[in-house]
Amino acid sequence: MSLPRESTAAVLVAYNKPLEMQSLPVPELEPRGILVKVEASTMCGTDVHIWRGSYADTGMSKLPLVLGHEIVGRVVALGRDRKVDALNRPLAEGDRVAWSYAWCGQCYWCTTAKQPTQCENARMYGWGPADKSPYLTGGYSEYAYIMPECSVVKAPAHVDAAVLASATCAFRTVFHGYEKIGKIETTDTVVIQGSGPVGLYALAYAIKSGACRTIMIGAPAARLDIAKRWGAEIVLDVLNTDPSERKQQILDATDGRGADLVVECSGVNPAFVEGMNLIRRGGRYLVLGASDPRPAEIHPTYFNLRQLTVAGTMSGDISHYYRALSFLEAHENEFSFGDLLSSRYRLDEVDAALAGMEGMTEIKPVILPSLPTS
Ligand SMILES: [Zn+2]
Ligand SMILES: [Zn+2]
């Protein structure tokens, strides 16, 4: 079997600059490595932050790099020791797969805390560097390399690859979060803050988990329309309501108690304090989106006097990928998941996709590396 030697990729060589189309080497296939042809990648807000250099000082992003960590691909070649996926299902060339980040499986976080998303040796997709083997660690590339430590799951064959790709960051994060915060009761009112992909996926999960009422806070109107169509009972537009109006609406809907569970998916700082004020006594707060570096002011007695439970998670392990992909397959006729996706771009158009994502004219751009470039 002869493998391709090179992969065309959109490479970030300098922050805030247009990406460069380059040919990167295809690495030698390790015994548990997998080479995949990228079927679809979707853009995450984090890609824009990486492109802007927001993580350059922390050393997390390493230039040059191939962006993109929401990826679905088809197996081109399997290393000799990689025979099954994480559910022990046989893997073969041509299978559509998704995969977790590479966690070492050796450190305290992997073995004892059983929180591999905190792994001290994690290697993540979309962060670089693309000038060192295995080079192909980003989705905006013709081929991607699945590292030996990555767990892999087969992805549903007949769901749109771009929809599946969007689950591999946004939705798996939602599954991880709900697992940590615990069961949704059939009497629960769940408030979701943020109507981006994470928030909309969190809404779909809450609805299918049997929440008696879901309320979405967000903007712009087109995203709130999706929430309504999916089954949110109340949608509150942050562009034409203020926090006190929103709180009153939620109190009115809950006999004056407040929400049983609030899920923060907005990422912006003021949402945290607002969310804390929307929870009933003894209620729960799940923080998924917070990425704003500004601190929030909150009085610690609020936690004990009101007996609140607050939890946060990031990313997800392979179980969350599997469950997110399975949810999409099971419920694709109930929720128009494709509405989360916006324009489709070629590899040489990633700059336009980044600009659209940053300018919020796009919910989630799709990159299709198989489309011929000009
Ligand atoms: Zn992401
Ligand atoms: Zn580890």
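Biologist: Buried means under 20% relative accessible area, exposed over 50%, and partly exposed in between (1.4 Å probe, protein chains only). By that rule, is H331 buried or exposed?

Modeller: H331 is buried, because its relative accessible area is 17%. Before we go on, this is a predicted model, in which local features need pLDDT of at least 70, side-chain atom pairs count only at pLDDT 80 or more, and totals for chains, interfaces and linings use all residues. Residues are numbered from 1 along each chain, chains are lettered from A and ligands numbered from 1 as written, and side-chain values use heavy atoms without hydrogens or water.

Biologist: Thanks! Where do I find H331?

Modeller: Look at helix α9, residues 318-331. Helices (H or I, at least four residues) and strands (E, at least two) are DSSP runs, numbered from the N terminus.

Biologist: And which residues does H331 touch?

Modeller: Leaving aside residues up to four places away in sequence, H331 touches K208 and F337. Contact here means heavy atoms within 4.5 Å.

Biologist: Changing topic: what holds the zinc ion (ligand 1)?

Modeller: The zinc ion (ligand 1) is coordinated by SG of C44, NE2 of H69 and SG of C169, at 2.0 to 2.3 Å. Donors are N, O and S atoms within 2.8 Å of the metal (3.2 Å for Na, K and Ca), and sites may look incomplete because water is not among the atoms.

Biologist: How are those donor residues spaced in sequence?

Modeller: The pattern for the zinc ion (ligand 1) is C-x24-H-x99-C. C44 is in the loop between β3 (34-42) and α1 (45-52), while H69 is in the loop between α1 and β4 (70-78). That pair is 25 residues apart and links distant parts of the chain.

Biologist: Are C44 and H69 buried or exposed?

Modeller: Both C44 and H69 are buried.

Biologist: Let's zoom out. How is the protein chain divided into domains?

Modeller: Domain 1 covers 6-159 + 332-367, and domain 2 covers 180-312. The bounds come from an automatic or database domain assignment.

Biologist: How far apart are the C-alpha centres, and how many residues are in contact?

Modeller: The C-alpha centres of domain 1 and domain 2 lie 30 Å apart. Ten residues of domain 1 are in contact with eleven residues of domain 2.

Biologist: I clicked on A353. Where is A353 found?

Modeller: A353 is found in helix α10, residues 350-358. A353 counts as buried because its relative accessibility is 0%.

Biologist: What does A353 touch?

Modeller: Not counting residues up to four places away in sequence, A353 touches M43, Y345, P365 and I367. Take M43: along the chain, A353 and M43 are 310 residues apart, yet their C-alpha atoms are separated by 7.9 Å.

Biologist: Nice one. Which strand does Y145 lie in?

Modeller: Y145 lies in strand β6, residues 143-146.

Biologist: Why does Y145 count as buried?

Modeller: Y145 counts as buried because its relative accessibility is 0%. With residues up to four places away in sequence left out, Y145 touches P27, E28, L29, E30, G33, I34, Y125, P134 and L136.

Biologist: And how far is the C-alpha atom of Y145 from that of V38?

Modeller: Those C-alpha atoms are separated by 9.6 Å, with Y145 and V38 107 residues apart along the chain.

Biologist: Last stop, helix α3. Which residues in α3 meet α4?

Modeller: In α3, V163, S166, A167, A170, F171, V174, F175 and Y178 do. Their partners in α4 are P197, V198, Y201, A202, Y205 and A206.
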